[in-house]
Structure formats: structure tokens, C-alpha cells
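The following paragraphs lead through one protein chain. Please keep the sequence and the model in view while reading.

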Amino acid sequence: MASSNSYININGKKPLFSFGVITDVQYANIPDGRSFLGVPRYYRHSFQVLQRAVNNWNKHGKLKFCVNFGDIIDGFCPKSESRSAIERVITEFNNFEGPVYHMLGNHCLYNLPRETLLELLKFPSGLHGRAYYDFSPSPEYRFVVLDAYDISAIGWPEDHPNALEAKRVLQTKNPNSDKNSPIGLVELERRYLMFNGAVGKEQLLWLEGVLQDASTCNQKVIVCCHLPLHPESSSIEALLWNYDEVLELIHRYNCVKACFGGHDHKGGYSIDSHGVHHRVLEAALECPPGTDAFGHVDVFDDRISLSGVDQMASTEMVFSL
């Protein structure tokens with residue numbers, strides 16, 4: 001267990017609460033490979049990263065919950081092994097001595113249908129395929145977990161309205177026959193790739209309601225989404241299709257202090273024009289054997305402090321009250 005001194009930040013204050021973070025484990029029982037950009041990927045070792053993360057979080061002793069930012073198994077996982085692979089990873093997450101909050105990533109949806117994933121991952125609001133929800137770990141804070149693949153060409157039945165809308169977006173925005181190719185797309189248009197998705201209209205209405213309620217309750221909000229929400233924190237090719245709509249909504253309220261994401265494996269950090277911190281977390285998948293990428297976050301009234309391990313950079317996010 002961490003010493004009492006390690007649980008007090010530089011200003012001598014104890015955090016309101018703390019939680020663990022990890023993203024893009026993308027486990028598969030297959031030999032190591034490379035991304036389409038040639039970056040090495042360590043499919044079996046990533047499970048060991050998760051094991052060490054859970055062990056670290058439990059030793060910390062004061063983490064209230066942990067958050068998995070999606071993609072817990074890889075698209076190259078043999079489909080006959082998809083369910084057993086994801087169950088193995090879920091079992092390891094469940095060794096954490098507290099609640100585990102999940103979100104959907106594209107690699108999860110390559111392997112199993114959305115409804116199956118929502119059941120296996122025990123989403124609190126999985127009714128009719130809904131994978132977005134909120135929770136309050138303390139009176140001062142509200143967490144919002146977005147479904148980045150609400151409008152998506154993957155995960156839904158082919159004739160589902162959300163899949164049809166996604167295909168329409170891709171046909172309109174990406175002229176390539178390979179809809180995962182950004183060739184010829186310019187600047188911010190490069191986000192219109194099939195491995196990304198969008199927040200739908202119903203979810204946007206829900207988000208506005210949550211932000212209104214949090215404002216009324218004088219709560220600060222941390223937004224969690226597999227896909228990044230700000231161009232300066234991420235590769236353009238990793239962004240949520242309608243990140244601009246989501247940001248415009250977030251900026252109507254002063255309650256949102258930080259947005260955390262995954263998907264863009266190298267990680268990133270920016271502060272937007274409204275002072276909202278955007279932290280994209282480094283991927284467990286791309287840790288060479290013997291290295292790690294996970295962390296824990298201490299939350300205070302006036303700051304959010306990410307203490308990263310190894311490949312995950314530590315980040316101090318200070319904001320005005």
C-alpha cells in the first residue's frame with residue numbers, strides 16, 4: 001500500500017478521490033505484429049501490462065474505481081477465440097478491488113456484437129445497445145462516459161439505422177473504396193475513417209441533460225471517451241467524427257474540466273480555448289516487454305493529477321474554480 005505521504009499532493013492536500021486508468025490493451029493470443037504505420041504491437045505482453053496495472057492499483061489501496069478506455073482485445077484475435085479472450089481480460093479487470101468502468105472501442109466491436117459486449121462488460125445502461133452513462137464518485141464530481149461508436153459502421157447489424165447513418169457519412173466524406181484510408185482527405189476531413197464513429201443525436205441530448213444537471217448540482221465533470229475530442233491532443237485520423245458538436249456542447253457549460261480518451265496509441269495532451277484539459281492516454285498494447293502504460297488519477301477541487309507509470313506520461317491539469 002502507498003504510504004500516507006504519497007497520497008498527499010504538493011500543496012499538502014489529500015485528493016477528493018483517486019482512480020486507475022488504462023487503455024488499448026488489445027490482447028490477443030497471437031505473435032507480436034505491427035500497426036499499419038509499422039509501430040510494433042505486443043499482443044500477449046499487453047495482458048501482463050494489465051496484470052501489473054491491477055496489482056499496482058490494489059497496492060495503492062485508496063483507488064475508488066478504475067476506468068478502461070476501450071479496445072481490450074485486438075481485431076486480429078482469431079474470431080473463434082474472441083469470447084474466451086475477452087473473458088480472460090475481463091476476469092483480470094475484475095481482480096481489481098473496486099468498480100471497473102468500461103467503454104466500447106472499435107477493436108472490441110470487430111470481435112463481438114455490441115449487445116454481447118454490453119452484457120459481458122456489465123454496462124450500467126446497456127438497454128437497446130446504449131453504451132453511454134454517467135456516475136458520481138463524490139458529491140463534487142460527475143463522470144460522463146460517451147459511446148464513440150453510437151453512429152458506427154461496425155458493431156451494429158448492417159440494417160440498423162445507426163449503421164446506415166454511419167455508412168452515409170462515410171460515403172459522403174470519404175471517397176476511398178477502403179473507408180479506413182485517409183488518402184486524399186485534407187486536414188480535419190482525415191477523421192472520416194471507418195474505425196472511428198460519432199455520438200448520435202439522442203446521446204447529444206442526453207449529454208446536455210447531464211451537463212445541465214451537473215451545473216445545477218455544482219458538480220465538476222470529467223468526460224471519458226474512447227475517441228479523442230480535440231485535434232491538438234490527437235492525430236486527426238483518431239478523432240470522433242463529430243468532435244466539434246460535442247465540444248460546442250461541452251463549452252456551453254463551465255462544469256467540464258477534463259476529457260480523457262484512448263485510441264491514439266502514442267497519447268497526447270492539450271488545453272482548449274475554453275480551458276478544458278484533453279488527455280489522450282498511451283496504449284498498453286505498444287509497450288515492449290518489461291515496460292508498462294497505466295496510471296492513477298488524483299482528483300482535487302482545482303486540479304486533476306495523472307501519475308503515469310513508465311510509458312504513460314504524468315500530467316498535472318490545473319483549472320479555475
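Leaving aside neighbours within four places in sequence, R190 is in contact (heavy atoms within 4.5 Å) with P182, L185, I236 and E237. R190 lies in the loop between α5 and α6; helices (H or I, at least four residues) and strands (E, at least two) are DSSP runs, numbered from the N terminus. With a relative accessible area of 26%, R190 is partly exposed, where buried means under 20% relative accessible area, exposed over 50%, and partly exposed in between (1.4 Å probe, protein chains only). R190 and N180 stand 10 residues apart in sequence, and their C-alpha atoms are 9.8 Å apart in space.

The model is predicted: local features need pLDDT of at least 70, side-chain atom pairs count only at pLDDT 80 or more, and totals for chains, interfaces and linings use all residues. Residues are numbered from 1 along each chain as its sequence is written, and side-chain values use heavy atoms, with hydrogens and water left out. The mean pLDDT (the predictor's confidence in each residue, from 0 to 100) of the chain is 95, and 96% of its residues reach 70 or more. Over residues 1-7, however, pLDDT stays under 50, and the model has 13 contacts beyond four places in sequence for this stretch. Where pLDDT is low, the predicted coordinates should not be read in detail.

Helix α7 spans residues 243-250, and within it Y243, V246, L247, L249 and I250 are buried. Seen down the axis of α7, these buried residues fall within an arc of 160° (taken from the directions from the helix axis to the C-beta atoms), so they line one face of the helix. The elements that cover them include α6 (201-216), β8 (220-225), β9 (256-261) and β11 (277-280).

H296 counts as buried because its relative accessibility is 14%. Not counting residues up to four places away in sequence, H296 touches F19, G20, V21, H60, L63, S305, L306 and S307.

On a 1 Å grid over the protein atoms alone, a cavity is a set of points where a 1.4 Å probe fits but cannot get out, and a pocket is an open set with protein on both sides within 12 Å along at least five of seven lines; lining residues have an atom within 4 Å of a point. Grid points are joined across faces, edges and corners, and a volume is the space filled by probe spheres set on the points.

The largest pocket has a volume of about 710 Å³. It is lined by 27 residues, of which S35, F36, R41, F195 and H263 are the closest to its centre. Helix α3 (residues 106-111) gives the largest share of this lining, 3 residues.

The second largest pocket has a volume of about 550 Å³. Among its 29 lining residues, I151, E165, V199, G200 and K201 lie nearest the centre. To this lining α5 (161-173), α6 and α7 each supply at least two residues, and α5 gives the most, with 5 residues.

The structure also holds 1 cavity of 30 Å³ or more. The lining of the largest cavity is formed by P228, L229, S233, C259, F260, G261, H278, R279 and V280. Here β9 and β11 are the elements that give two or more residues.
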